[in-house]
Amino acid sequence: MNVQETKEQLIDELIRLAFAEDIGDGDHTTLCCIPETELGRSQLIIKEDGVLAGVDMARRIFQAFDPQLKMTVFIEDGAEVKKGDIAFVVEGKVQSLLQTERLMLNVMQRMSGIATMTRRYVRALEGTKTRVLDTRKTTPGMRIMEKEAVRIGGGVNHRIGLFDMILLKDNHVDFAGGIRPAIERCHAYLKAKGKDLKIEIEVRNFDEIRQVLEVGGVDRIMLDNFTPADTKKAVEMIGGRYEIESSGGITFDTLRTYAECGVDFISVGALTHSVKGLDMSFKAVEGKK
């Protein structure tokens, strides 16, 4: 199974589980007061300026629940939106509109909040070669959606999970007995399994950088909790031989300082682990149905 197939399966399973969690054996509030044949329209109203994300996911949610729902989109993913904008209108059975509302909103608010935050970081890096990366610090079960939101906001996706890239972190290195055995075991494993995966290794000091440069065989070096001054020195040491990622303790205020040291990537857990959702609502449209 390739990465794209894995992503599609994870999204389908998330939607299934989310409906099971929310609806259970039936939305009894809706079922008790809305006739099955009643038709209507609802519109997604933006209530806060930001970057819109999750329109494609909303399509999937509506289609998974009721393929007869008709969605008319006015604003697509990645667009900058203002308070009062109407992103889309959905027509169909009122029961379906009411039962899909919360899941769609939960996904779109979360994704739009992430895309908005990411766009802010991306703009702070304009004029440098550095790009902002996401991490695995995501909401369990929602990682694919959250990483897609980072991409929509202009950021770059790091690995999806533990299966699509090798990342030798400090604990891997320590348990393996050092930099050299960690890298050598990595290559032996990939050869034995017939896998072709990118290899990144985390370093904590200049001595570990020297060891990595001696051993070689990696694609990217992650500088963990380096100061800006040490980052600049590390970039000079590595000399363009490998991609360089800065990670750990980097805030929005220090972001550009690290970028100006010449690193290729800066990973930011805050893009997904503590972001505020973008405010929006899904309201009935009165008038002709």
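**Strand β9 and beyond**

Tutor: This is a predicted model. In β9 both faces are covered, with Arg-220, Met-222 and Asp-224 buried on one side and Ile-221 and Leu-223 buried on the other.

Student: Why do the residues split into two sides like that?

Tutor: In a regular strand the side chains alternate between the two faces of the sheet.

Student: How many residues of β9 are buried?

Tutor: Five of the five, residues 220–224, so β9 is largely enclosed by the rest of the structure. Buried here means under 20% relative accessible area.

Student: Does β8 run parallel or antiparallel to β9?

Tutor: Parallel, and four bridges join β8 (residues 199–203) to β9. Within that pairing, Glu-202 has Met-222 as its bridge partner.

Student: Changing topic. What is the strand order in the open sheet of four strands?

Tutor: The order is β3-β5-β1-β12, and the pairing is antiparallel. The edge strands are β3 (70–73) and β12 (280–284), each of which pairs on one side only. From one strand to the next, the twist averages 20°.

Student: How many bridges join β1 to β5?

Tutor: Seven, between residues 39–46 of β1 and residues 86–93 of β5. Leu-39 stands opposite Lys-93 in β5.

Student: Which strands does α3 touch?

Tutor: α3 packs on the sheet and touches β3, β5 and β12. The direction of α3 makes about 170° with that of β3.

Student: And how is α3 placed against α4?

Tutor: The axes of α3 (residues 55–65) and α4 (residues 94–124) come within 9 Å and cross at roughly 155°. That makes α3 roughly antiparallel to α4, since angles over 145 degrees count that way. The crossing is right-handed.

Student: Which residues meet there?

Tutor: From α3, Val-55, Met-57, Ala-58, Ile-61, Phe-62 and Phe-65 take part. They meet Ser-96, Gln-99, Thr-100, Leu-103, Met-104, Val-107, Met-108 and Met-111 in α4. The residues of this contact divide into eleven nonpolar, three polar and no charged.

Student: Ser-96 then: buried or exposed?

Tutor: Ser-96 is buried, with a relative accessible area of 5%.

Student: What is Ser-96 in contact with, leaving aside its neighbours within four places in sequence?

Tutor: Phe-65, Asp-66 and Leu-69.

Student: And where is Phe-74 relative to Ser-96?

Tutor: Phe-74 and Ser-96 are 22 residues apart along the chain, and their C-alpha atoms are separated by 21 Å.

Definitions and conventions: Residues are numbered from 1 along each chain as its sequence is written. This is a predicted model: local features need pLDDT of at least 70, side-chain atom pairs count only at pLDDT 80 or more; totals for chains, interfaces and linings use all residues. Side-chain values use heavy atoms; hydrogens and water are left out. Axes are lines fitted to C-alpha atoms, for helices over the stretch in contact, and angles run from 0 to 180 degrees between N-to-C directions. Helices (H or I, at least four residues) and strands (E, at least two) are DSSP runs, numbered from the N terminus. Angles under 35 degrees count as roughly parallel, over 145 as roughly antiparallel, 65 to 115 as roughly perpendicular and the rest as oblique. A crossing is left-handed if the near helix is turned anticlockwise from the far one by less than a right angle, and right-handed if clockwise. Contact means heavy atoms within 4.5 Å. Ala, Val, Leu, Ile, Met, Phe, Trp, Tyr, Cys and Pro count as nonpolar, Asp, Glu, Lys and Arg as charged, and the others, Gly among them, as polar. Two strands pair if DSSP finds at least two bridges between them. Buried means under 20% relative accessible area, exposed over 50%, partly exposed in between (1.4 Å probe, protein chains only).
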